[in-house]
Amino acid sequence: MQLLTSSVGRKILMAITGQLMVLFVIVHLLGNSTIFIGWVNAYAEHLHAMPPVVWIFRIVMLALVGIHILFGIQLTLENSAANPQGYAVNNKLKATFASENMIWTGLLLLAFIVYHVLHFTARVTPDIVKGVDALGRFDVFTMVVSSFQHGIIAVIYVAAMVTLFLHLSHGIQSFFQTMGWNNAKSLPVFSKIAMVLAVIFLLGYSSIPLFIVTGILNK
Amino acid sequence: MNLTLHVWRQAGPNQPGKLEVYEAKHVSPDQSFLEMLDEVNEELIKGGKDPISFDHDCREGICGMCSQVINGVPHGGQDRTTVCQLHMRTFKDGDSIFIEPWRARAFPLLRDLVVDRTALDRIIESGGYTSCHTGGVADGNAILIPKPDAEYAMDAAECIGCGACVAGCPNGSAMLFTSAKVAQLAALPQGKAEAAQRVCAMTESMKENGFGNCTNHYECQAACPKGINVKFIAKLNREFQKSLFE
C-alpha cells in the first residue's frame, strides 16, 4: 500500500511505468526505421502475424499509460496545492522549462497518442490510403508516405516529437534519481545520457515525416 | 550606495499583504544584508512607522533562522550563503531588490517576512532520531565507523533546517530536508536499526504537514546555503525501496 499512497512510492511507480514506455519508444523507433530500408511492410506483416502477442502488448501498454497518467495528475494537483502562492520575482536556478511543464507535455503526448492510434492503428482518419503491395501484404509504406505528404500532418507529428523530447529530457534522468541508482558523480552523466537519448528520439522519429514532406522519401 | 527595496508587508496571518517600496540610502558595501535591513528599520521607527519583521538569530550562517527570498532566489542566490552572510558588495548602486518571505503551504506566514517553520520540526519528531542509547563519550568511540561513512553522514548533517529547499521548490516539497536526516542516520550503525520505519514515517509526515512531492527539479540543492546534495534524495529513495521488503 505504501507504494500506492506514499509520496516516494507513487514517484517510483511514475518512474517505472515511464521507463517501460521509454523502452517501447526505443523499439518503436527501430521498427519505424525499417521504412528507410524498404522493410516496413514485412515488419508490419510479421508483427501482426502474432495477434495474441500484439494484444497482450497493447493491454500492458494501456495499463502503463493509465498508471502513469493517473499518478501524474494526482501528484501534480497535490504539488500545486502545496505551493499556492508564487513569488513576485521568479528566478529559477536549476528547474527547466521541461521539468516544470511535465504535466502539460504529458497531456499533449496523450492527445497525440490518441490521434496516432486512430491514424495508423485504427486507420480511421480521412487521409489514410489502404492498399496492398505487390506481395499482397498491407501497404504500410504507401499509407505512411501518402499521409505525411499532407504538410499539416507532418507538422503535427514533428511537434509531437518536440513534446516527447521535452518530456523525456527530464523524465529519463529523473528515473535514475527516483530509483536511487545515481550519486553526486553519476547524476550529471545520467542527465547527459538522457539528453542524448531524447535528441536521438527527436531526430529519429521526426526524420520520417520530414523526409517525406520534403520529397526525399517518396513512392 | 543607494538601493530601492520592494518588501512584502503583511500585518498578520490571513491578512492582505503587498510589496511596499523603501529607499535604502548610504548603504555600505561591507554591511550584511540584515544590517542593511536593520538600518532601514531604524529609519522606519524614527518616522513612526512599523519596522519590517524578519527572522534572524546567529548572523553567522549556522542557525538557519534567516529566511528571505531575494530577487526570486532563497537566500539571494550566492553559492552556499545564508541571507545574514550575504554582503551588500554583491549589489550595485541603484539596484532594485525584491524581498519576499518563504512561500509554501506548509510555512504559514506570520508577519511580513516571518513564516512558521515548525512543520520541519514535526518531520524530525516523526523519526529523525535514534531511540537506542548510544552511551557516553567513551562508548561512542567503541563503535568504529569507517571514515567515508562518517564523512557522508556529516555532509548530510550539515543541514541547518532553514527551509530554503522548500521555498525554492516549485512543488513546496521538503524532500531535501527530509532526505538529509534519513541519509545521515541510515549511514551510521546507530541509525541503521530503525532506517526502514524512519524513512516511511518521515516521508509520511512530510505529506501530512502539507509539503508537496519531489519531482527532481534539483532547485533545492541550488538554493541550499549548506550545499546539501540531491544524492541524499537518491539515498532516501533507496531506503524507501528497502523498507518495502522489510
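**Ground rules**

I number residues from 1 along each chain as its sequence is written, and I letter chains from A and number ligands from 1 in the order in which they are written. Because the model is predicted, local features need pLDDT of at least 70 and side-chain atom pairs count only at pLDDT 80 or more, while totals for chains, interfaces and linings use all residues; side-chain values use heavy atoms, with hydrogens and water left out.

**Entry 1: the two chains**

My helices (H or I, at least four residues) and strands (E, at least two) are DSSP runs, numbered from the N terminus. Read from the N terminus on, chain A goes α-α-α-α-α-α-α-α-α. Its C-alpha atoms fill a box of roughly 60 × 40 × 35 Å, taken along the principal axes.

Next I looked up burial, where buried means under 20% relative accessible area, exposed over 50%, and partly exposed in between (1.4 Å probe, protein chains only). Of the 219 residues in chain A, 46% are buried.

Chain B has ten helices and seven strands. For its C-alpha atoms I noted a box of roughly 60 × 35 × 30 Å along the principal axes. Of its 246 residues, 54% are buried.

I also checked contacts (heavy atoms within 4.5 Å). Taking those with a separation of 6 or more, residues 24 or more positions apart account for 73% in chain A and for 70% in chain B.

**Entry 2: where A meets B**

How many residues does each chain bring to the contact? I noted 41 residues from chain A and 48 residues from chain B. The size of an interface is often given as the accessible area lost when the parts come together. Here the two chains bury about 3700 Å² between them, 53% of it on carbon and sulfur atoms; buried area is the accessible area (1.4 Å probe) that two parts lose on being put together, summed over both.

I then looked for salt bridges (a side-chain nitrogen of Lys or Arg within 4 Å of a carboxyl oxygen of Asp or Glu). The count between chain A and chain B is zero.

Polar contacts came next: a pair of N or O atoms within 3.5 Å, where within protein one must be able to donate a hydrogen and the other to accept it, and residues adjacent in sequence count only if both atoms are side-chain atoms. Across this interface I have 27 residue pairs in polar contact, both residues at pLDDT 80 or more.

On the side of chain A that touches chain B, at least two residues each come from helix 1 (2-5), helix 2 (7-33), helix 4 (51-82), helix 5 (97-100) and helix 8 (151-179).

**Entry 3: helix 7 of chain A**

Is helix 7 (residues 140-148) of chain A mostly covered or uncovered? It is mostly covered: nine of its nine residues are buried. Among them are A:Phe141, A:Met143 and A:Phe148. These buried residues pack against helix 3 (40-48), helix 6 (102-121), helix 8 and helix 9 (186-213) of chain A. At the start of helix 7, a side-chain oxygen of A:Asp139 comes to within 3.4 Å of the backbone nitrogen of A:Phe141.

**Entry 4: A:Thr105**

I found A:Thr105 in helix 6 of chain A. A:Thr105 is buried, because its relative accessible area is 5%. Its side chain reaches the backbone oxygen of A:Met102 at 3.2 Å. Leaving out residues up to four places away in sequence, A:Thr105 touches A:Thr163, A:Leu166 and A:His167.

**Entry 5: a sheet in chain B**

In what order do the five strands of the open sheet in chain B lie? The order is 2-1-5-3-4, and the pairing is mixed. I count two strands as paired if DSSP finds at least two bridges between them. The edge strands are strand 2 (17-24) and strand 4 (73-74), each pairing on one side only.

Strand 1 (residues 3-10) and strand 5 (residues 96-100) of chain B pair in the parallel sense over four bridges, with B:Leu5 opposite B:Ile97. Strand 3 (residues 69-70) runs antiparallel to strand 5, joined by two bridges, and B:Val69 has B:Glu100 as its bridge partner.

**Entry 6: B:Ala195**

Last, I looked up B:Ala195 in helix 8 (residues 195-208) of chain B. B:Ala195 is buried, with a relative accessible area of 9%. Not counting residues up to four places away in sequence, B:Ala195 touches B:Ala186 and B:Glu239.
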